[in-house]
Amino acid sequence: MPQRFKENRPLARLDKALAAIVLVVTATAAVLGVVPAHAQGAWPDKPLKLVVPYPAGGNADNTARLLATQLGQRLGQQVVVDNRPGGSGTIGATAVAKAPADGCALLLDATAFTVNPSLFPKLPFDATKDFAPISLVLQVPLLMVVPANSPFQSVADVAKAAKARPGHLTYASAGNGGAQHLAGELFKQGQKVAITHIPYRGGAPALTDLIGGQVDVMFSATTASGPFVKSGKLRALAITSPRRAEGWEAVPTVAESGVPGFQVSEWNGLFAPAGTPRPVLERLEAETRAIVASPEMKKRFAELGVQGVGSSAQEFSAFLKAETTKWAEVIRTAGIRID
């Protein structure tokens, strides 16, 4: 055998040894779940689509656009907001549930996500199996509001009047099955009173009629009813958050006003299709939480009147389970149906 081959044998053995070490390290890392996303080919290498299953201009859309801008900067990739309204949020959610689980399709959903499984007998997806929760981004408490000239000065006043004349009082909502409707039903069940529900085609006409005195009371998000309270056109009797909210310290909670355990919020949260690689989910969770905690986003949320959360995926999953269970019972008890 020529001399040059004898001289290269140590190098050949070294190469084999290094290759073996790399193989062992990679395999060990894979078992521990710490293989970098690029090593698995898991991290998306194309623009991300953030689907919003509601019309442009609403709370969910505003949240999505703020989040998309920040995510794009942090990930160094374009994040495009895609509005797909319809079906009480089910059309957009279905699109993401059936999208490839590569992290390129995300869903920014809201309260309806935990309500729809109890309202619609046959959804085109399984809310508990077809999505990977990433983070609860924000929550928006509701105000229990009455017209400025209403005789009601407290939650107790409303409950007393409702008990005295069952079915005589009315409460407005933006439509059947929404957070405002369900908050009213939860209140009725907690107080064991009868108040007639008046559904509208949207929150704006409902608030208009409330201000005009055509209806008696309404549960409405602080972002919608807050300006009317501050201008003196509506009176806030209580807020639906578990504690008195920043900016609304003078308004008692519904729970401390005589309805123990009462808590309702509209919310926005981020999801990916089930089966999305773990490194991608972890990166998205970390970036989302960092964005929500950033001074820039805190300032923006304060301007919008919403409460940033930025939960972990595990916390978000627990929240979804609790909300789904709560609304299922409210809907069953009230006999709410949407065909």
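Biologist: How far apart are the end C-alpha atoms of helix 7, and what span should its 13 residues have?

Modeller: In this predicted model, the end C-alpha atoms of helix 7, residues 179-191, are 18 Å apart. At 1.5 Å a residue, the helix should span 18 Å, so the two values agree.

Biologist: Is helix 7 mostly covered or mostly open, and how many of its residues are buried?

Modeller: Helix 7 is mostly covered, with 11 of its 13 residues buried. Among them are Ala 179, His 181, Leu 186, Phe 187 and Gln 191.

Biologist: What happens just after helix 7?

Modeller: Lys 192 follows there, and this residue takes a positive phi of about 55°.

Biologist: At what angle do helix 7 and helix 12 pack?

Modeller: Helix 7 packs with helix 12, residues 313-334, at an angle of about 75°, and their axes are 10 Å apart. Because angles of 65 to 115 degrees count as roughly perpendicular, helix 7 is roughly perpendicular to helix 12.

Biologist: Which residues meet there?

Modeller: From helix 7, Leu 182, Ala 183, Glu 185, Leu 186 and Gln 189 take part. They meet Trp 327, Val 330, Ile 331, Thr 333 and Ala 334 in helix 12. The residues of this contact divide into 7 nonpolar, 2 polar and 1 charged.

Biologist: Turning to the strands, in which sense do strand 4 and strand 8 pair, and over how many bridges?

Modeller: Strand 4, residues 131-147, pairs with strand 8 in the antiparallel sense over 5 bridges. Val 146 stands opposite Arg 235 in strand 8.

Biologist: How many residues of strand 8 are buried?

Modeller: Strand 8, residues 234-239, has 6 of its 6 residues buried.

Conventions
Residues numbered from 1 in each chain as written. Predicted model: local features only at pLDDT ≥ 70, side-chain atom pairs only at ≥ 80, totals over all residues. Heavy atoms only, no water. Helix = DSSP H or I, 4+ residues; strand = E, 2+ residues; numbered from the N terminus. Expected span 1.5 Å × (residues − 1). Buried < 20%, exposed > 50% of the residue type's maximum accessible area, 1.4 Å probe, protein only. Pairing = 2+ DSSP bridges. Axes fitted to C-alpha atoms, helices over the stretch in contact; angles between N-to-C directions. Parallel < 35°, antiparallel > 145°, perpendicular 65-115°, else oblique. Contact = heavy atoms within 4.5 Å. Nonpolar A, V, L, I, M, F, W, Y, C, P; charged D, E, K, R; others polar.
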